[in-house]
Amino acid sequence: MDRPIDPTRLFDLSGRVAIVTGGSRGLGLQIARALGTNGARLALAARKQAELDEAVAELTADGIEAVAFPADLADGAAPATLARQVLERFGRIDILVNNAGATWGAPAEDYPAEAWTRVIDVSLSSVFLLSQAVAKAAFLPQGGGAIVNVASVEGLLGHHHRRPGTVAYNAAKGGVVNMTRALAAEWGRRNIRVNTIAPGYFPSKMTGKILADHGQELIDQTPLGRLGGPSDLMGPALLLASDAGRHITGQTIVVDGGASII
């Protein structure tokens, strides 16, 4: 029988290395800060070097160890390269946060094929390819690891007819939710936990237009009466990445203020 973990250390990530994709801003940076504040060393991955440098400087100023790894995860070769680079820099990987994503708004009947491909490549295919690469390079040889995927309530629901259509995003995030279950079932005996966070609406660059047009409507439809805030993903991410969540796998935690329950 497992020995109990010291409850004062359930969330302690000291000595662990975490990759956070899309970690230079928004939800990814929020999650990275939560992990880093609790002791994790951070590998931040994103496309734009300038935004990565700014995020690393911000975290470093708060005493968090963070290193930038520029990567366009829509490139099929990028996930394996990223896993190798992080291993070379840190010597291990313990946590993978798949947060990078893309969206495109258009009616389904007019949805551009190139937009579909881009959204699926970034928001779904790269999640699998990076999970696969990190598992092969680090988690399986080390004897375990934790994957936290960032999906969306859009992967659990149909898109509201009064808002711009996002069929590729919905499909990709729904795929992430079920891929989480499949990987958790397959890798559980190898001590790899795989879970998903499904945020509702948070202010971000990606949601700027829809919040400008429909923000008050979305707030009015949310039981807690507000949008997601700058620390609302920290707790769920920390739970799923740490020993506090060591018996949780294959699950999706919805963080939307209750909007999806009504």
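Of the contacts in this predicted model between residues at least 6 apart in sequence, 73% join residues at least 24 apart. The protein has 7 helices and 7 strands, and from the N terminus on the elements run β-α-β-α-β-α-β-α-β-α-β-α-α-β. A compact globule of 262 residues would have a radius of gyration near 18 Å, and the protein agrees with its 18 Å. Its C-alpha atoms fill a box of roughly 50 × 40 × 40 Å along the principal axes. Buried residues account for 48% of the 262 residues. The accessible surface is about 12,300 Å², and 54% of it belongs to carbon and sulfur atoms.

The protein carries 24 positive and 25 negative charges, whose mean positions are 6 Å apart. The count of salt bridges comes to 10, including those in the table.

| Salt bridge | N to O distance |
|---|---|
| Glu51 and Arg25 | 3.1 Å |
| Asp72 and Arg118 | 3.6 Å |
| Asp94 and Arg92 | 2.6 Å |

Glu51 forms its salt bridge with Arg25; Glu51 lies in helix 2 (residues 49–61) and Arg25 in the loop between strand 1 (17–21) and helix 1 (26–37), 26 residues apart. Glu51 is partly exposed at 23% relative accessibility, and Arg25 is partly exposed at 40%.

Asp72 and Arg118 also meet in a salt bridge. Asp72 sits in the loop between strand 3 (66–70) and helix 3 (78–90) and Arg118 in helix 4 (residues 113–142), so this pair ties together parts 46 residues apart in sequence.

Definitions and conventions:
Residues are numbered from 1 along each chain as its sequence is written. This is a predicted model: local features need pLDDT of at least 70, side-chain atom pairs count only at pLDDT 80 or more; totals for chains, interfaces and linings use all residues. Side-chain values use heavy atoms; hydrogens and water are left out. Helices (H or I, at least four residues) and strands (E, at least two) are DSSP runs, numbered from the N terminus. The radius of gyration is taken over C-alpha atoms; the globule rule is 2.2 Å times the number of residues to the power 0.38. Buried means under 20% relative accessible area, exposed over 50%, partly exposed in between (1.4 Å probe, protein chains only). Contact means heavy atoms within 4.5 Å. Accessible areas come from the Shrake-Rupley method with a 1.4 Å probe; for residues, only the protein chains shown count as cover. Lys and Arg count as positive and Asp and Glu as negative; His and the chain ends are not counted. The place of a charge is taken as NZ of Lys, CZ of Arg, CG of Asp or CD of Glu. A salt bridge is a side-chain nitrogen of Lys or Arg within 4 Å of a carboxyl oxygen of Asp or Glu.
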